[in-house]
Amino acid sequence: MNITGNLERQADLATVAPIRPLVSKPVSFLTLRRRVLILGVGPLAGELSQVLMSKRRSFTQVIGFLDNDAEHVGEGPANPSIIGSYGQLSEVVRRYQINTIVVCLEDRRAILPVEILLDMKVAGTQVVDGHNLFEKESGRLSIDHIKPSALIFSTGFQRRMGTMIAKRLMDVALSAIGLVILSPLFAFLAALIKLDSPGPVFYKQTRVGLGSRPYEIWKFRSMCQDAEKNGARWACENDPRVSRVGRWMRKWRLDELPQLINVWKCEMSIVGPRPERPVFVDELRKSVPYYDVRHTIRPGITGWAQVSFRYGASAEDSHMKLQYDLYYVKKLTLWLDLRIMGATVIVMLFGNGAR
């Protein structure tokens, strides 16, 4: 059973109290809590259940799962567990007063109980797609469980001309204003860097940008001059290569400020997926589905993944961050950009997640 192993592996993600054992005791329809029944027991079903259960002060209660095979009823963790088969859908909905059915099936054409779901739908029960609900609740796309056809026919991934023009005008204005206003800070940081360790003030590094084209990113040097004499590697917590001033700049993200030059040169945007180095991109393309989708827009100084997830310092972290990047690429609105910029200010003020 996929659902058992998936839920056990992610049990530590749950931050709310366990749901009480399921009973047939009537529950008032006047309750404000959304009572969810998940059709399917695959990886997506398990991951979605954990996302719903881990949300603090959530008005959503996952009642249980339905499996195609009646012999599996009762399997899985105690709460929630498999409480019925597809043939028992109507009975389960009535017994547990379900008001939301989430479809998380691997092959809907072969096993989806269409007629029963239609009856539930017209009777007032909400029927939703598992991928869409996962995206809405988690702020990311479940790239391991979504098929290319689902992306092709999904809403989003639009490039409205008005939005893109406004986004570029905002980039130009903010980068120009930022470079002027922050010039005294640039001079102060440059002096500290020179006093702290030998080497140049600025550090240029090749990154992969729009259309997978390489470009040179600008940063304040935060590591020792020979930090990569043995080759490129991921940054780690308490990285010994980081200088004293560099550690302070990284905490407050000040080493990233020279990228305003890249924004002015149309190589980057204020908001977008963080650009990665070519050596890591070649590696990630082989292991992470849909990785190159993030290269369909300009990379950013900050992004949805940066304010939603910890500092990425491994292939596993990049796998998770790509899910947030794809969510941003799919939505891409000025309102989302403003939300990200506001959250970035908070991250910078508190120095969260720096390495």
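The model is predicted: local features need pLDDT of at least 70, side-chain atom pairs count only at pLDDT 80 or more, and totals for chains, interfaces and linings use all residues. Residues are numbered from 1 along each chain as its sequence is written, and side-chain values use heavy atoms, with hydrogens and water left out.

**Overall fold**

- The chain has 15 helices and nine strands. Helices (H or I, at least four residues) and strands (E, at least two) are DSSP runs, numbered from the N terminus.
- Of the 355 residues, 48% are buried. Buried means under 20% relative accessible area, exposed over 50%, and partly exposed in between (1.4 Å probe, protein chains only).
- Among contacts with a separation of 6 or more, 73% come from residues 24 or more positions apart. A contact means heavy atoms within 4.5 Å.
- The chain exposes about 18,300 Å². Carbon and sulfur atoms supply 59% of that area. Accessible areas come from the Shrake-Rupley method with a 1.4 Å probe; for residues, only the protein chains shown count as cover.

**Helix α6**

- Helix α6 spans residues 130-138 and is mostly covered, with seven of its nine residues buried.
- The buried residues are Gly130, His131, Leu133, Phe134, Glu135, Glu137 and Ser138.
- Aspartate 129 caps the N-terminal end of α6. One of its side-chain oxygens lies 3.0 Å from the backbone nitrogen of histidine 131.
- Glycine 139 follows α6 and has a positive phi, near 75°.

**Serine 85**

- Serine 85 lies in strand β3 (residues 82-85).
- Serine 85 counts as buried, at 9% relative accessibility.
- Serine 85 touches Leu66, Asp67, Asn68, Asp69, Ala70 and Val73, leaving aside residues up to four places away in sequence.
- Histidine 72 is 13 residues from serine 85 along the chain, and their C-alpha atoms are separated by 8.2 Å.

**Salt bridges**

- The count comes to 15 salt bridges. A salt bridge is a side-chain nitrogen of Lys or Arg within 4 Å of a carboxyl oxygen of Asp or Glu.
- Arginine 95 pairs with glutamate 91, the closest N and O atoms being 2.4 Å apart. They are four residues apart in helix α3 (residues 89-95), so about one helical turn separates them. Arginine 95 is partly exposed at 37%, and glutamate 91 is partly exposed at 35%.
- Arginine 294 pairs with aspartate 325, with the closest N and O atoms 3.0 Å apart. This pair links distant parts of the chain, 31 residues apart: arginine 294 in the loop between α12 (278-287) and β9 (300-302), aspartate 325 in helix α14 (residues 315-331). Arginine 294 is buried at 7%, and aspartate 325 is buried at 4%.
- Arginine 285 forms a salt bridge with aspartate 292, the closest N and O atoms being 3.0 Å apart. Arginine 285 is partly exposed at 35%, and aspartate 292 is partly exposed at 34%.
- A network of salt bridges links Lys219, Asp255, Glu256 and Arg274.

**Cysteines**

- The structure holds zero disulfides (pairs of cysteine sulfur atoms within 2.5 Å).
- Cysteine 104 is buried, with a relative accessible area of 3%. Cysteine 266 is partly exposed at 39%.

**Surface patch**

- Val345, Ile346, Leu349 and Phe350 make a nonpolar surface patch of about 430 Å². Patches are made of residues with over 30% relative accessible area and no salt bridge: like charges are joined within 9 Å, nonpolar side chains (Val, Leu, Ile, Met, Phe, Trp, Tyr) within 5 Å.
- Isoleucine 346 lies in helix α15 (residues 334-350) and is partly exposed at 47%.

Note on methods:
A polar contact is a pair of N or O atoms within 3.5 Å; within protein, one must be able to donate a hydrogen and the other to accept it, and residues adjacent in sequence count only if both atoms are side-chain atoms.
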